[in-house]
Amino acid sequence: MPLIPLLPIFHRFNRQFFDGLLVKGTKPLVSVRWSDGRLRNTAGFYRHSKRLGGQKVCEIVLSSPVLENLPESAVESTLCHEMIHAWIDLVLKVPEGHGPNFFARMKTINSSQNRFQVTVRHKYPVPIKLPKWWAICPSCGLKSPYKRRVKGVACRHCCETFHGGKWHASCVLHFEPLRYEH
Ligand SMILES: [Zn+2]
Ligand SMILES: [Zn+2]
């Protein structure tokens, strides 16, 4: 799935959930972008540092490796979560993480629509590496995701059930490419 543009969603949420306060004139107070492929430990973050190599940085970054294979609602939920952080920092101007202001705004947003829910934790499974293969047992048909092909590995279930727990050629797994569809 190609990464969807974030700015239109940002502007929509800004009007819908933040009374337009995250945009001054036509300029967002915070920039929004996709990460490169390396941001794997979180679905997204908001940062505001006065100086970073001489430049002021205020941005929301969403993780492309974490979110690219998830439905659009996961992108929206993550972006909205980070926009609450930006709103607390730039509009309320209070030092707060997931505190009372965060929870209050999160509740309002969650009860105002059914498309997505904002949560405090970005509870998405963070893939170290997405499985690329289905391993399929020719005997029982069981399919399991594998990151890489493994030669000669046999279906444990069939070996235990039909072959007294011994490896047997009739249940050596076949590998087929796993396709992601979203
Ligand atoms: Zn947060
Ligand atoms: Zn099997």
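How many residues does helix α4 have, and how far does α4 reach from its first C-alpha to its last? In this predicted model, helix α4 covers residues 100-112, which gives 13 residues, and reaches 18 Å from its first C-alpha to its last, close to the 18 Å expected at 1.5 Å a residue. The chain around this helix has five helices and eight strands, and 21% of its 182 residues count as buried.

**Overall layout**
- Read from the N terminus on, the elements follow the order α-β-β-β-β-β-α-α-α-β-β-α-β.
- When contacts between residues at least 6 apart in sequence are considered, 57% of them join residues at least 24 apart.

**The nonpolar cores**
- The largest nonpolar core has 22 residues, and the members that touch the most other members are I60, L79, C80, M83 and A86.
- At least two residues of this core are supplied by each of α1 (7-17), β5 (55-62), α2 (64-67) and α3 (72-92), and the largest share, nine residues, comes from α3.
- Leaving aside residues up to four places away in sequence, A86 touches L22, V30, Y46 and I60.
- Another core, of six residues, lies apart from the largest one, and A135, C155, C158 and L173 are among its members.

**Helices α1 and α3**
- The axes of α1 and α3 come within 11 Å and cross at roughly 60°, and these two helices are therefore oblique to each other, since that angle falls in neither the roughly parallel range, under 35 degrees, nor the roughly perpendicular one, 65 to 115.
- The crossing in which α1 passes α3 is right-handed, and the contact is made by I9, F10, F13 and F17 of α1 together with E76, L79, C80 and M83 of α3.

**Helices α3 and α4**
- The axes of α3 and α4 come within 10 Å and cross at roughly 130°, which makes α3 oblique to α4.
- This crossing of α3 and α4 is right-handed, and the residues that make the contact are C80, I84, W87, I88 and L92 of α3 and N101, F102, R105, M106 and I109 of α4.
- An α-helix has 3.6 residues a turn, so residues three or four places apart point the same way.
- Although α4 makes this contact with α3, α4 is hardly covered, because the count of buried residues among its 13 residues is one, where a buried residue needs 20 or more other C-beta atoms within 10 Å of its own.

Methods
Residues are numbered from 1 along each chain as its sequence is written. Chains are lettered from A and ligands numbered from 1 in the order in which they are written. This is a predicted model: local features need pLDDT of at least 70, side-chain atom pairs count only at pLDDT 80 or more; totals for chains, interfaces and linings use all residues. A nonpolar core is a set of buried Ala, Val, Leu, Ile, Met, Phe, Trp, Tyr and Cys residues joined through C-beta atoms within 7 Å. A residue is buried if 20 or more other C-beta atoms lie within 10 Å of its own, exposed if 12 or fewer, and partly exposed in between; C-beta atoms are placed from the backbone. Helices (H or I, at least four residues) and strands (E, at least two) are DSSP runs, numbered from the N terminus. Two residues are in contact if their C-beta atoms, placed from the backbone, lie within 7 Å. The expected span of a helix is 1.5 Å times one less than its number of residues. Axes are lines fitted to C-alpha atoms, for helices over the stretch in contact, and angles run from 0 to 180 degrees between N-to-C directions. Angles under 35 degrees count as roughly parallel, over 145 as roughly antiparallel, 65 to 115 as roughly perpendicular and the rest as oblique. A crossing is left-handed if the near helix is turned anticlockwise from the far one by less than a right angle, and right-handed if clockwise.
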